[in-house]
Amino acid sequence: MKVTKRQLPNLLSGFRLVAAPFLLGLAWFGHPNLFLVLLCLSLLSDSVDGFVARRLNAASDLGTRLDSWGDLATYLTVPLCAWWLWPDILKREAFFVWVAIGAYGVPIVAALAKFRRLPSYHTWAAKVSAVLMSIAALLLFLTEIAWPFRIAALIQALEAMKEVLITAVLPAPQGNVHSLWHARRIKKRP
């Protein structure tokens, strides 16, 4: 089967969906190094799928939704896997772990309540927040240095509040809303 350029971004997003059960298996069977390698690949695919889609002029509604589903699969999987692999670290950082989980979950709940679908805003701040959280979580698991994770969790909470505001402002579900300013402009359209 030949993969076209237009399919590549969707395959990158789909990779995260496929990787999630393998992440669970690696964590369950106690393979932290392999887990971190696969997690890094998953996070890397998340960081490049949108760029590749725009670069190849292959952005689509399906791709936007696949990206959101891939994010959901990854971000639901990682806390459970981390609990199995590094329970002492998670116990010690419980407050910030719950802040991060809540910051990821609250905007999803808000969008599901209003639009009956996952948000796919892909805001600029969410991208920065995701990169910071990824680096901070890897540092936490590899070195047990906690302060970057704590800062990333608080930044993620601020971004979550903005995404809830975007949901409140938008009149209908919309993908790729880069900021609250963009959401307000969308609302003003006839």
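Please keep in mind that the model is predicted.

Let's start with the inside. In soluble globular proteins, nonpolar side chains tend to be buried together. Here, the largest nonpolar core holds 30 residues, and those with the most contacts inside it are Phe35, Leu36, Leu39, Trp86, Phe141 and Phe149. Where do they come from? At least two residues each are supplied by α1 (8-28), α2 (32-55), α3 (61-85), α4 (87-92), α5 (94-115), α6 (124-143) and α7 (147-169). Helix α6 gives the most to this core, with six residues. A separate core lies apart from this one, with ten residues, including Ile166, Leu170, Leu180 and Ile186.

Setting aside neighbours within four places in sequence, Leu39 touches Leu23, Thr74, Val78 and Leu138.

Now for the rings. How many aromatic pairs does a search of the whole structure find? The search turns up five. In one of them, Trp86 and Phe141 are stacked, 4.3 Å centre to centre with 5 degrees between the planes. That pair bridges distant parts of the chain: Trp86 sits in the loop between α3 and α4, Phe141 sits in helix α6, and they are 55 residues apart. Both Trp86 and Phe141 are buried. Ring pairs also join Phe35 with Trp86 and Phe141 in a cluster.

My last pair is Phe95 and Phe96. Their ring centres are 5.1 Å apart and their planes stand at 85 degrees, so this pair is edge-to-face. Are these two buried or exposed? Phe95 counts as exposed because its relative accessibility is 58%, whereas Phe96, at 18%, counts as buried.

Note on methods: Residues are numbered from 1 along each chain as its sequence is written. This is a predicted model: local features need pLDDT of at least 70, side-chain atom pairs count only at pLDDT 80 or more; totals for chains, interfaces and linings use all residues. Side-chain values use heavy atoms; hydrogens and water are left out. A nonpolar core is a set of buried Ala, Val, Leu, Ile, Met, Phe, Trp, Tyr and Cys residues joined through side-chain atoms within 4.5 Å. Buried means under 20% relative accessible area, exposed over 50%, partly exposed in between (1.4 Å probe, protein chains only). Helices (H or I, at least four residues) and strands (E, at least two) are DSSP runs, numbered from the N terminus. Contact means heavy atoms within 4.5 Å. Rings of Phe, Tyr and Trp (its six-membered ring) pair if their centres lie within 6.5 Å; planes under 30 degrees apart count as stacked, over 60 as edge-to-face and the rest as tilted.
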